[in-house]
Amino acid sequence: MRRLVGRPSVLGLALAVLVLLPAVANPYLVYVASIALLYVILAVGLNLLLGYAGQFAFANAALFGIGAYATGLGQLKLGLPFWIALPAAAVFTALAGLLVALPALRLSGLYLAMATMAFAQFTQWAMLNWESVTFGAGGFRLPPPSFSPLFASSATGVYYLTLAVTTALVAAAWNAVRSRVGRALVALRDSEVAAESLGIGLARTKTMAFAMSAFYAGTAGGLYSATLNFVAPEGFDLFQMVVHFSMVVVGGLGSVWGAVLGAGLLVGVQEALRAFKGAQEIAFGLVLMISIVFLPEGLISLLRRRVPGWDEPLRRLGAASLVPAEVGPPRDGSSPATAPGAMAPALEVRGLAVTFGGVRALDGVDLAVAAGEIRGVIGPNGAGKTTLLNAICGFERPSRGEVRVAGKSLGGLDPSAVAARGLRRTFQSTQLFRGMTALENVMTGRHLHLRSGPVAAALDRPAVRAEEVAAAAAARRALAFVGMEDFADRVATELSFGQQRLVEVARALVAEPRVLLLDEPAVGLSPARVTQFDALLRRIRDERGVTIVMIEHVIRLVMGVSDRVSVLDYGRVIAEGAPEDIRRDPAVIEAYLGKELDARRPAS
Amino acid sequence: MLAYLIVSGLTTGSLYALMAIGLVVVYKATRVVNFAHGELFMVGGFLAYTLHVLVRIPYGPALVAAVAATLLLGLVTERLAYRPLIRAPAISLVLAAVGFSYVLRGTAREIWGGRGDYIPFPPLVGAEPIAVGDVVIVPQQLVVLAGALVCMALFGAFFSWTRAGKILQATAENPRAARLVGIRVERVYAFTWGVGAAAAGAAAALMAPLTLIYPDVGAVLLVKAFAAAVLGGLESLPGAVLGGFAIGLVENLAGGYLHTSLQDVSAFVVIMLVLVAHPSGLLGAARVRRI
């Protein structure tokens, strides 16, 4: 009985009403419904870019216009039938979206906002002034598309076409955000560096987000031209972005269904306000302010609270029943850690140098870590430890020197390509994706193991589904490995600091890395946690066969667990050896450990 | 021709610069761009008009009153569209301010006139153009330019030499540290919004005799001021001034020499080129990625 009010019934009811609408409503209402539906497409597309991928761009209204113009001009100038002009225009707009993505590869935040505003202004200028193509400020009329065998009236035909396309595109977006693609978008939004460290290419993902969103805008624009049978520059100017953004934010940022609600509501509100004339703007402004202040997570938060099972972001796989029975760790301690030094080092750093301005942060660092080794890296503050880690992982460009993984040079790869070579890292200030659950965070770590692209994901192909189930199972195993299986469905921000650390380790481990680099993993952990961490590191090496490089200040952990320790000072390795030798090394004592060890050493 | 375009470019440039200063002041302190800034200008202009033209108060006191009124409106904006949303995503803050700007615009339309009504504001000084060599200058332009320069100087002096200015800067630099040394950060934020809005009011009162004030003037002006602020690097007051003048000049030169339709777009071409070469504006600090 409880399941009677679930998402399927809510959506089914809405769809039934929309299908029956033309039979019962007057033409004006059908027209408004058409407009509302195509704005749904627009808002869902914009939410993919703004809410999921976190890209603050003002190009949507211009792209909407490009879709409308391309559909109209394709018919008028090229003589294409409507059925071809519409999809062609959507693809054309997606290509224009790639153009908008170009500045996004270099700019972010308000600078990106500015660059996309510029794109909007150029587009508007072209619509107004490139008269030989666009017919200038007056715009142009279009013949209503014919649906003759099916529907007598073109308006009814356009309505049903819009309803069908909207349903398909909303479903596609909903499928996409619950897949690898959705996780990549959210990863980009929540932490670019963490996304890169997991092998998610920034350029590629941003470009994809812009193209997807532009495809939606272009489709909406084409349907808009068919609904109005008229195309003109107004309606596509920069200031329309207020309406577009409002739909997404009032409905719910980062929620497909929120965008659906927001678009429907705002088109309705605008129509209703037409009666108010002068007070229209005041009323719209008040609606906007009130909804943002009192429903900060959007209208969708009401549905989430009221409708049982309306569980959103990427939690479809949260149900334990979907996870196949435990199949044991992938490599059960088959000791890949054979005699260290027998084969090519797992990680080798030669003469690595990094300079910031005139400062030499790294001044020719050499390091060879054998497969299966746990290597501690210590050094006073400012010795260059984190810089070393960043340079290894591709986050800093070395001025000279090279990094080899299992004998192969990384030669200046960017971080996501380095990740593809089997390196994973954690961060000093933990970088979980805030909007994801622990499970989703760890599943994002499997990014490079999954194949599905945006199209396959949008179609929810069986292969995609199988891949997702496997990824969720792997993620659960990794969470269990670090002892966090009970927290799988907690959102990252609800976890304690220590728990976040463990999830981050699981997220790195789930990719079955060759080398795991940890940047001060014990910082801020309680002594009990440090002891647990000690055991965890040994298990990672022994059971998973992962080589570990660990930067650490907690001497107890480093000295206890490391096979060898390297000491960095002023960007150079000043000593390297077994922990007990390092403790006695005069150079190390002088540079760094001196006083503390002196104090503890028994008077001899 | 060239000299004329440069003078009028500098005049519009000073308007953009003053507006951009207001945006930058608020952004530096609170990391938010006030998207109602254009409407604060609009309201300031209408108030100056009402007081000076309708009520016949002398220009000086009318200007002061317009500045004071926009300062108050800035405080209201902070209260309604910033403080309740301090932890909200940037886009929510932007839209809340936009919502407030719609309320202001609708109210102005109700009070001062409908769409497309332009109001005349008599020039402050003789309307006769002066010929300097073969350049013809409208005296009002010189007044505006001088007034804008004085305002910018006042802002500069305020930030470098007064205690309040230093408190503002300290809070912008590091809110947590500012709180620790006993600065009431919330008050500073409110004050910043007020000061930023006052800049818009000053710009409006100065420009009113030269341009036309109408309810929709704000949105267009906001885009230009935002462009100037971004061009300058978003956090730098000299950058905002530089950006404002650069955009004013580029617009007038492109409109005069190339084609009038290019006037509005030309500035964006320049901005794109600058951002591609220097992703954080002319005087903005390069962003450092912290890992």
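Two residues are taken to be in contact if their C-beta atoms, placed from the backbone, lie within 7 Å. The model described here is a predicted one.

**The contact between the chains**

By that criterion, 40 residues of chain B are in contact with 39 residues of chain A. On the side of chain B that touches chain A, at least two residues each are supplied by α3 (59-82), α4 (90-112), α9 (217-232) and α11 (263-277) of chain B. The largest share comes from α4(B), which provides 15 residues of the side of chain B that touches chain A.

**Chain A as a whole**

The C-alpha trace of chain A spans about 100 × 60 × 45 Å along its principal axes. Chain A contains 24 helices and 12 strands. Of the 604 residues in chain A, 52% are buried. Among contacts in chain A between residues at least 6 apart in sequence, 75% join residues at least 24 apart.

Helix α5 of chain A, residues 109-129, has 21 residues. From its first C-alpha to its last, α5(A) reaches 30 Å, close to the 30 Å expected at 1.5 Å a residue. Because 16 of its 21 residues are buried, α5(A) is largely enclosed by the rest of the structure.

**The domains of chain A**

Chain A is divided into domains as listed below.

| Domain of chain A | Residues |
|---|---|
| Domain 1 | 22-239 |
| Domain 2 | 344-422 + 513-604 |
| Domain 3 | 432-511 |

How far apart do the C-alpha centres of domain 2 and domain 3 of chain A lie? The separation between these centres is 27 Å. The contact between the two domains takes 11 residues from domain 2 of chain A and eight residues from domain 3 of chain A. On the side of domain 2 of chain A that touches domain 3 of chain A, the elements giving two or more residues are α16 (415-420) and α21 (527-544) of chain A. Here α21(A) gives the most, with four residues. The residues on this side of domain 2 of chain A comprise eight nonpolar, one polar and two charged.

Terms used
Residues numbered from 1 in each chain as written. Chains lettered and ligands numbered in written order. Predicted model: local features only at pLDDT ≥ 70, side-chain atom pairs only at ≥ 80, totals over all residues. Domains from an automatic or database assignment. Nonpolar A, V, L, I, M, F, W, Y, C, P; charged D, E, K, R; others polar. Expected span 1.5 Å × (residues − 1). Buried ≥ 20, exposed ≤ 12 C-beta atoms within 10 Å, placed from the backbone.
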